[in-house]
Amino acid sequence: MIREISIGIGMAVVVSMLVMGYDVTPFLFLAVAAGALYYFVKMKGLINIKNFETGSTAEKQVFSFDDIGGQQSAIKELKEALDFIKNHSEIKHLGIRPLKGILLTGPPGTGKTLMAKAAAGYTDAAFVAASGSEFIEMYAGVGAQRVRKLFQSAREMATKQNKDNALVFIDEIEILGGKRGKATSHLEYDQTLNQLLVEMDGLKVEDKVRVLLVAATNRDDMLDAALLRPGRFDRRVKVDLPDKEGRLEILKLHTRNKPLASDVDLETIAKDAFGFSGAHLESLANEAAILAMRDGAEEISQRYFNESIDKVMMGGKLDKRPSQSELRRVAVHESGHALLSEIVRRGSVSTLTVTPRGNALGYMRQSPDDDTYLYTKEFLENQIAVMLAGAIAEEVILGNRSTGASNDFEQAVRTADTMLQSGMTELGVVCPDILPQELKHKTITGLVKEQEERVRKYIVRSENIINQTVEILLEEEKITGEHFREIMDNHN
Ligand code: ATP
């Protein structure tokens, strides 16, 4: 209405000026510029609302908790919270405050979005999704407007679908819900977050459409305290990286539509894929299928999975070919790592290769014994030894070291630092913040030196094992852990 009156007055002024003989060109130019700016801002809002809608209609297929692997305890916790929504009349009777928000926290790719979709299926709710970054604009007020629209479209969607519940999912909530006053264009950020708080406070159990907000973040430490207080995000569910059993479950889910050869051992793959998230495992299964297709194979055999682990872990194969002498150096280096790895823990080498991938010219992949969360002094010392072994093998066999070991040294020093901070050194328990730098440096280098001496003895004693492995690597590019152990046993 105000807009129409303003346009009317503006036109009347322009016509009067024309009649009176004034030059109205600058006014017309200004009016066109102001109109264009207004529509641009407006359109930005509209584009986003459309995005919310496409996001939600695309999720029509019902997703269930059975499609999520390795997150039993997170699913259990989430289901308990969702039962409040399902049994809303009971909680109303007991005077329990309705649950307004659930925050899913955890590393990327662990299935937080999947959990939100499954939660919508579980509560028979309309699902509307948006990402925190979609709310942030340079124009003041646009973000707040989008938050309003998001909740409004969730309610409309539920009504359209004849549902009593709507689930609003906001991914990367830390972008829109970061601590207030911290962002550069803080006013806009703050207005957007304030609007979200207003929307959350307005959610009531007696609403015609009950709305639940589920948000996900990898950085809950960045969230504003107002979001985390009771009555807002009442439940926090941790969605962690899966353990070995979890990885196996996820692999089973992502290979159920794929023709697997009889030699495929998903348990071994799950063991080797230590540290992989659900998203990594999905990619691993997919890459294995692509490799099989490239070879024209009818079924996906174990070797495709092995290669796919390398690809997901290290990146795609590179075209660069090192010179023959460089290749020999890489083979010596990786054989050194493998030798020490087998000495400190028999059966730990999974593959050994001189194929350049990602940032590495070659690599030795270890398969962990079991998922480990605590490390002993002996374990950490052994890890340092394995890291140093590449450079020392180069030194013993080729007579000098190369720059290829800098990353290994960095890791070795970091591990030694962990030992120092855990009170495992001769200094005993220390406060690292007030420990003199010189003493810290001396202790860490002392730990590393000790392992260097130990590794050198092993390498000198096992030169022939390394030499034979290098020849095979130069010929075949890759050796399996079993083959390497055979070579070691033959030399024993
Ligand atoms: P981000 O924090 O980066 O947004 P996210 O935790 O929301 O990640 P999702 O988007 O849910 O991760 O997962 C990405 C993909 O990874 C899924 O589409 C699915 O294929 C696979 N995936 C992740 N976790 C699991 C799981 N627990 N079970 C089965 N598949 C999974």
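From which domains does the shell around the ligand draw at least three residues each? In this predicted model, domain 1 (65–238) and domain 2 (244–314) both contribute on that scale. The ligand is surrounded by 18 residues, and the closest of them are Gly-69, Gly-109, Lys-112, Thr-113 and His-254. Sorted by class, the shell holds 9 polar, 5 nonpolar and 4 charged residues.

Lys-112 places a polar side-chain atom 2.9 Å from an oxygen atom of the ligand, and for Asn-218 a polar side-chain atom lies 3.4 Å from a ligand oxygen. Thr-110 takes part through its backbone instead, with a polar atom there 3.1 Å from an oxygen atom of the ligand. On its own the ligand would expose 630 Å², of which the protein buries 78%. Helix 5 (112–122), helix 10 (244–255) and helix 12 (278–294) are the elements that provide two or more residues to the shell.

The largest pocket is also worth a visit. Its volume is about 1500 Å³, and 41 residues line it, with Met-364, Gln-366, Met-387, Asp-408 and Gln-411 the closest to its centre. Domain 2 (244–314) and domain 3 (324–490) each give at least three residues to this lining. At least two lining residues come from each of helix 13 (302–314), helix 14 (324–344), strand 7 (363–366), helix 15 (377–398) and helix 16 (406–421). Helix 16 supplies the largest share, 7 residues. By class, the lining of the largest pocket comprises 16 polar, 14 nonpolar and 11 charged residues.

Conventions: Residues numbered from 1 in each chain as written. Predicted model: local features only at pLDDT ≥ 70, side-chain atom pairs only at ≥ 80, totals over all residues. Heavy atoms only, no water. Near = heavy atom within 4 Å. Polar contact = N/O pair within 3.5 Å; in protein donor to acceptor, adjacent residues only side chain to side chain. Areas by Shrake-Rupley, 256 points an atom, 1.4 Å probe, with all protein chains shown as cover. Helix = DSSP H or I, 4+ residues; strand = E, 2+ residues; numbered from the N terminus. Nonpolar A, V, L, I, M, F, W, Y, C, P; charged D, E, K, R; others polar. Domains from an automatic or database assignment. 1 Å grid on protein atoms, 1.4 Å probe; cavity = no way out; pocket = protein on both sides within 12 Å on 5 of 7 lines; lining within 4 Å. Points joined across faces, edges and corners; volume = space filled by probe spheres on them.
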